[in-house]
Amino acid sequence: MEKGRGMMRLLLAEDELELANALTAILKHNNYSVDAVDNGADALDWALAGNYDGILLDIMMPKMNGLEVLAKLREKGISTPILMLTAKGEIEDRIEGLDHGADDYLTKPFAMGELLARIRAITRRKTEFAPNLLTVGNLQLDRANYELSGEKGSIRLGNKEYQMMEMMMSSPNRLISTEQFMERIWGYDAEAEINVVWVYISYLRKKLTALGSTVTIKASRGLGYTLEDSHG
């Protein structure tokens, strides 16, 4: 962390009081500043009013669920990284959350070390020097604000989508294996299944199509993916 930046500020929205208290204590112990709320309406108000480095949103909350809070924040252009907390069986919610621009999700019950690792991952600021714009064909990726642009406009990518796109655009025409994506983006996370990579690739393909891009993601069965410019 660069010096003089002060503590990272997190907003925690969790209606299970014991869990919220435990998380707050652990996060504070790890030098985060935490504001905790116990319902979706407050989560939305606080997130809109505060300048947070990250937001932890439980999906099942009174007054407004986490998915609604997420959708409203993204609609209003709040690009703060958001980690969704979901119950074991809520796979549909996870997919919907990722569709709405969540950066990551964590399934309860989770280990505290895992939570801290996820928070570090979503709040990690680009410190190494890299050109802010990556260009392949008629596609541009802005590293400063995670925006992917093509002929028909631009879309802000979620954290994982951005990382995948950045890997592919940094080395176009090079095959990147599913394992390389897993290792680089998910780490050695036992929870993430291998098909999660495919899920994100399909999101990215839809976005490339919507942007009118000449760039496509080509799959090599069982091997991985290659970013290709059809006009190149």
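Predicted model: local features only at pLDDT ≥ 70, side-chain atom pairs only at ≥ 80, totals over all residues.
Trainee: Why is strand S1 said to be largely enclosed by the rest of the structure?

Mentor: Strand S1 covers residues 8–13, and five of its six residues are buried, so the strand is described as largely enclosed by the rest of the structure.

Trainee: What makes S1 and strand S2 a pair?

Mentor: Pairing requires at least two bridges between the strands, and S1 is joined to S2, residues 32–37, by six bridges in the parallel sense, so by that definition they count as paired. One of the positions involved is Ala13, whose bridge partner in S2 is Val37. With helix H1, residues 17–29, the two strands also form a right-handed β-α-β unit.

Trainee: How do you know that S1 pairs with strand S3 as well?

Mentor: The cut-off is again at least two bridges, and four bridges join S1 to S3, residues 54–58, with the strands running parallel. Within this pairing, Leu12 stands opposite Leu56 of S3.

Trainee: Turning to another part of the chain, why is Leu157 called buried?

Mentor: Buried means under 20% relative accessible area, and Leu157 has 0% relative accessibility, so it counts as buried. Leu157 lies in the loop between strand S9 and helix H6.

Trainee: Which residues are in contact with Leu157, leaving aside its neighbours within four places in sequence?

Mentor: Contact is counted for heavy atoms within 4.5 Å, and the residues in contact with Leu157 include Leu141, Tyr146, Leu204 and Lys207. As for Gly101, which is 56 residues apart from Leu157 along the chain, the C-alpha atoms of the two are separated by 7.2 Å.

Methods
Residues numbered from 1 in each chain as written. Heavy atoms only, no water. Buried < 20%, exposed > 50% of the residue type's maximum accessible area, 1.4 Å probe, protein only. Right-handed = clockwise from strand over helix to strand, strands pointing away.
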